[in-house]
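Please look at the sequence and the structure shown below before reading on. The report that follows takes up the helices and strands one group at a time, and then turns to single residues.

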Amino acid sequence: MAEGSEFRHWDELIPDALGLIFSKLPLQAILMVIPRVCKSWAKAVLGPYCWQEIDIEEWSSRFQPNDVDRMLQMLINRSGGSLRKLCVTGLHNTSIISFVADHAGSLQTLRLPRSNISDTLVEQIAGKLSAVTFLDLSYCDKISATGLESIGKNCKALVGICRNLHPLHTAGRPLLDDEAYAIAATMPKLKHLEMAYHLVSTKSVMTILSSCSELEFLDLRGCWDVRLEDKFLAEKFPKLRVLGPLVRDYYERNEWDECSDYSYISDDLAWDFSGDFYDDAESYDDPWDDEGRLEGLELRFYEGIDEDGGAFGWPPSP
């Protein structure tokens with residue numbers, strides 16, 4: 001930097017400050033572009049400040065489970081125990097879910113929709129999720145009231161939970177109120193509850209309302225057997241906003257349905273999993289392969305950019 005200049009070079013910022021700035025960028029930019037700019041930026045990407053909040057929910061729906069597991073393990077390790085928010089979908093292996101729980105000491109928001117989580121696994125890891133305040137277990141079909149009860153007993157700070165079900169999973173089945181009663185019995189501090197397409201009755205919902213006095217939002221879309229009068233709710237629960245059950249909309253098909261065979265990888269993801277990732281700020285020979293965990297995964301950096309990169313709207317590679 002020139003003497004007397006009123007501006008500082010970005011590469012002179014301390015890694016902590018750079019990490020906070022880079023954390024606002026998309027995952028692709030953090031992992032693919034930033035490390036190639038300079039060594040100080042590559043070092044910052046390896047630090048925990050970029051990874052206190054990890055949101056790969058959309059990305060994880062487009063890749064095979066083993067690739068998602070390896071990416072998730074790498075990013076959580078980089079967080080250095082400071083992970084506060086994690087959003088990922090479709091985890092299949094119990095080992096990676098246990099790994100998440102083992103690093104959940106500071107975790108406050110955890111979204112694991114469409115994941116292979118059973119009551120047995122929940123009972124094993126619930127004690128490690130005591131700091132979690134918001135939990136999303138929507139479309140996790142192997143969880144029942146037993147698992148929810150374990151969560152409620154261990155996650156005392158829980159104020160929000162999403163437990164939405166797929167309408168095809170509940171269609172034609174009889175009423176089943178046990179999950180609603182488990183929520184009412186063990187989660188009294190809830191302010192936000194989503195339980196769309198649950199087979200619940202008016203009685204069990206009223207039990208929730210009586211037990212969770214701080215509730216501000218309740219999603220009952222598709223809970224066709226629930227009957228709540230607007231006047232009664234306005235008088236007894238003036239702070240509560242209820243969505244449903246008679247919502248005249250269509251159930252949006254989720255990406256899991258479209259990508260269940262993992263055969264589709266968006267053309268927009270020019271950083272396909274076929275290569276290497278940056279790990280060592282001092283060496284660019286083995287890009288983001290933390291301790292070799294991503295060995296064998298190739299990466300096409302800005303694939304085709306030399307020939308027709310303009311068609312994708314990508315800027316020139318750094």
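At what angle do α8 and α10 pack, and how far apart are their axes? The answer comes under the second heading, after a word on the model.

## The model and its overall make-up

This is a predicted model, in which local features need pLDDT of at least 70 and side-chain atom pairs count only at pLDDT 80 or more, while totals for chains, interfaces and linings use all residues. Residues are numbered from 1 along each chain as its sequence is written, and side-chain values use heavy atoms, with hydrogens and water left out.

The protein has 14 helices and eight strands, where helices (H or I, at least four residues) and strands (E, at least two) are DSSP runs numbered from the N terminus. Of its 318 residues, 47% are buried, a word that stands for under 20% relative accessible area, with exposed meaning over 50% and partly exposed the range in between (1.4 Å probe, protein chains only). Among the contacts in the protein with a separation of 6 or more, 67% are between residues 24 or more positions apart; contact here means heavy atoms within 4.5 Å.

## Helix α10 and its two partners

The helices α8 and α10 pack at an angle of about 10 degrees, and their axes are 9 Å apart. Axes are lines fitted to C-alpha atoms, for helices over the stretch in contact, and angles run from 0 to 180 degrees between N-to-C directions. The angle makes α8 roughly parallel to α10, since angles under 35 degrees count as roughly parallel, over 145 as roughly antiparallel, 65 to 115 as roughly perpendicular and the rest as oblique. On the α8 side, Ala145, Leu148, Glu149, Gly152 and Lys153 meet Asp178, Glu179, Ala182, Ile183 and Thr186 of α10. These residues divide into four nonpolar, two polar and four charged, where Ala, Val, Leu, Ile, Met, Phe, Trp, Tyr, Cys and Pro count as nonpolar, Asp, Glu, Lys and Arg as charged, and the others, Gly among them, as polar.

Helix α10 (residues 178-186) also packs with helix α11 (residues 202-211), at an angle of about 10 degrees and with the axes 8 Å apart, which makes α10 roughly parallel to α11. Here Ala180, Tyr181 and Ala184 of α10 make the contact with Lys203, Ser204, Thr207, Ile208 and Ser211 of α11. By class, the contact of α10 with α11 has four nonpolar, three polar and one charged residues.

## Helices α5 and α6, and valine 100

The axes of helix α5 (residues 65-79) and helix α6 (residues 94-102) come within 11 Å and cross at roughly 15 degrees, and that makes α5 roughly parallel to α6. The contact is made by Asp69, Leu72, Gln73, Ile76 and Asn77 of α5 together with Ile96, Phe99 and Val100 of α6, and by class it holds five nonpolar, two polar and one charged.

Is valine 100 buried or exposed? Valine 100, which has its place in helix α6, is buried, with a relative accessible area of 3%. When its neighbours within four places in sequence are left aside, valine 100 is in contact with Leu72, Ile76, Leu86 and Leu110.

## The sheet

Eight strands form an open sheet in the order β1-β2-β3-β4-β5-β6-β7-β8, and the pairing is parallel; two strands are said to pair if DSSP finds at least two bridges between them. The edge strands, β1 (53-55) and β8 (241-243), each pair on one side only. Three bridges join β1 to strand β2 (residues 85-87), and aspartate 55 stands opposite cysteine 87 in β2.

## Backbone details in the loops

Most residues other than glycine have a negative phi, and most peptide bonds are trans. Arginine 114, however, has a positive phi of about 65 degrees although it is not a glycine. Arginine 114 lies in the loop between β3 (109-111) and α7 (119-125), and it counts as buried at 18% relative accessibility. Tyrosine 139, in the loop between β4 (134-136) and α8 (145-154), has a positive phi near 60 degrees.

The peptide bond from glycine 244 to proline 245 is cis, with omega near 0 degrees, and proline 245 is found in the loop between β8 and α13 (255-258). Glycine 172, in the loop between α9 (167-170) and α10, is exposed, with a relative accessible area of 86%.
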